[in-house]
Amino acid sequence: MNYRHAFHAGNFADVTKHALLVWLLDALARKPRPFLVLDTHAGAGFADLQAEPATRTGEWRAGIGRLLADKPPASGGGGTDDPLARYLAIVRSLGLYPGSPALIRALLRPGDRLACCELHPEDHAGLRARFAGDPQVGVHLRDGYQAVKALLPPPERRGLILLDPPFESPDEFATLARALRTGLARFPAGVFAAWYPIKHRAPIRDFFASLEGLRDLVAAELWLRAPLDPGRLNGCGLLVANPPYGFEAEAPALLDALCARLAEPGFGEGAAVTRLADE
Ligand SMILES: C[S@@+](CC[C@H](N)C(=O)[O-])C[C@H]1O[C@@H](n2cnc3c(N)ncnc32)[C@H](O)[C@@H]1O
């Protein structure tokens, strides 16, 4: 448990995940029936980018810092027709940089629920304090992978499961693939979104191969540089199982907009949305 997300909050990989997450949550909210969001690796909820430890790495400056430096559109943004403006309007409205639990909570409707799992005692305590007394949010000091077994399927029978592990351990891709299999077996209709780092391609090829047999999988990826250096976070991806209608059509423009703002041109940057398995 050495990983502390606060060092990396708001970096290019965090904003890419969060902008896609907002799109997915808006898509779920198109239908009136309530849903559960399970955030298996929730983090602390919010990060103060003007304070330690975010200032020590300064990673956010090349991520959310750049995005917020763009002026919001005259309309104020926030329309679902521009998913990046929509995400940024939510970030602006929440003050501190919102992690996944804060973004999810902001988009729950009355009747929807959020269950957060976080194993680090400090981050867990922060989350618990933030959501104390909130009847729509449960905060659990427990292994998020175990929660995929224990908390699914939800009684709502509708839901989004965000799997966002720290990738500290060399077998994280294998653990993530097992969790996806377990989760989809227990809750076949759930939307599962699993974040992964792109350093070089080989581990990702193996990850995709390990998902063989699962249906309806799409990978949404952004990379700042050609992913050739295994020692560097060159990009990131979100593997989505059961993507809501419109994801494949709309995610490319969102990723392209992010890539245009976050990458230094000329180093092999790019973005792609790839269908890995049919419905
Ligand atoms: C990448 S961060 C999460 C960031 C957060 N999802 C967000 O988008 O703002 C991963 C988090 O998982 C926590 N963690 C590590 N192993 C865990 C486990 N097995 N179960 C639950 N949380 C875990 C870490 O303490 C860390 O806060």
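Two residues are taken to be in contact if their C-beta atoms, placed from the backbone, lie within 7 Å. The structure is a predicted model, in which local features need pLDDT of at least 70 and side-chain atom pairs count only at pLDDT 80 or more, while totals for chains, interfaces and linings use all residues. Residues are numbered from 1 along each chain as its sequence is written.

Leaving aside neighbours within four places in sequence, Gly43 is in contact with His5, Gly99, Ser100, Glu118 and Asp123. Gly43 lies in the loop between β1 and β2 (46-47); helices (H or I, at least four residues) and strands (E, at least two) are DSSP runs, numbered from the N terminus. A residue is buried if 20 or more other C-beta atoms lie within 10 Å of its own, exposed if 12 or fewer, and partly exposed in between, with C-beta atoms placed from the backbone. Gly43 counts as buried because 27 other C-beta atoms lie within 10 Å. The C-alpha atoms of Gly43 and Phe247, which are 204 residues apart along the chain, are separated by 26 Å.

Of the 20 residues around the ligand, His41, Gly43, Gly99, Ser100 and His120 come nearest. The shell comprises eight nonpolar, seven polar and five charged residues. In this classification Ala, Val, Leu, Ile, Met, Phe, Trp, Tyr, Cys and Pro count as nonpolar, Asp, Glu, Lys and Arg as charged, and the others, Gly among them, as polar.

Eight strands form an open sheet of mixed pairing, in the order β5-β4-β1-β6-β7-β9-β8-β10. At its edges stand β5 and β10 (270-277), each of which pairs on one side only. Neighbouring strands of the sheet are turned by 15 degrees against each other on average, direction ignored; axes are lines fitted to C-alpha atoms, for helices over the stretch in contact, and angles run from 0 to 180 degrees between N-to-C directions. Two strands pair if DSSP finds at least two bridges between them.

Strand β1 (residues 36-39) pairs with β6 in the parallel sense over four bridges. Within this pairing, Leu36 stands opposite Gly159, and Ile161 is the bridge partner of Leu38. Four bridges also join β1 to β4, and these two strands run parallel; here Asp39 stands opposite Cys116. Strand β6 (residues 159-163) is in turn joined by four bridges to the parallel strand β7 (residues 191-198), where Ala193 is the bridge partner of Leu162.

In a regular strand the side chains alternate between the two faces of the sheet. Both faces of β1 are covered, with Leu36 and Leu38 buried on one side and Val37 and Asp39 on the other. For β6, five of its five residues are buried: Gly159, Ile161 and Leu163 on one side, and Leu160 and Leu162 on the other.

Helix α6 (residues 121-130) has Asp123, His124, Gly126 and Leu127 as its buried residues. Seen down the axis of α6, these residues fall within an arc of 160 degrees, so they line one face of the helix; the arc is that of the directions from the helix axis to the C-beta atoms. Pro121, Glu122 and Ala129 are exposed on the other side of α6. The buried residues of α6 pack against α5 (100-107), β4 (113-117) and β5 (137-140).

In helix α4 (residues 83-94), Val91 is buried because 22 other C-beta atoms lie within 10 Å. Beyond its neighbours within four places in sequence, Val91 is in contact with Ile64, Tyr97 and Pro98. Val91 and Ala19, 72 residues apart in sequence, are 9.9 Å apart in space, C-alpha to C-alpha.

Most residues other than glycine have a negative phi, and most peptide bonds are trans. The peptide bond from Glu52 to Pro53 is cis, with omega near 0 degrees, and Pro53 lies in the loop between β2 and α2 (54-57). The bond from Leu152 to Pro153 is likewise cis, with omega near 0 degrees; Pro153 is found in the loop between α7 (144-150) and β6. Arg157, also located in the loop between α7 and β6, has a positive phi near 65 degrees and counts as partly exposed, with 13 C-beta neighbours inside 10 Å. Asn242, in the loop between β9 (235-241) and α10 (247-262), has a positive phi near 55 degrees and counts as buried, with 20 C-beta neighbours inside 10 Å.

Methods. A residue is near a molecule or strand if its C-beta atom, placed from the backbone, lies within 6 Å of it.
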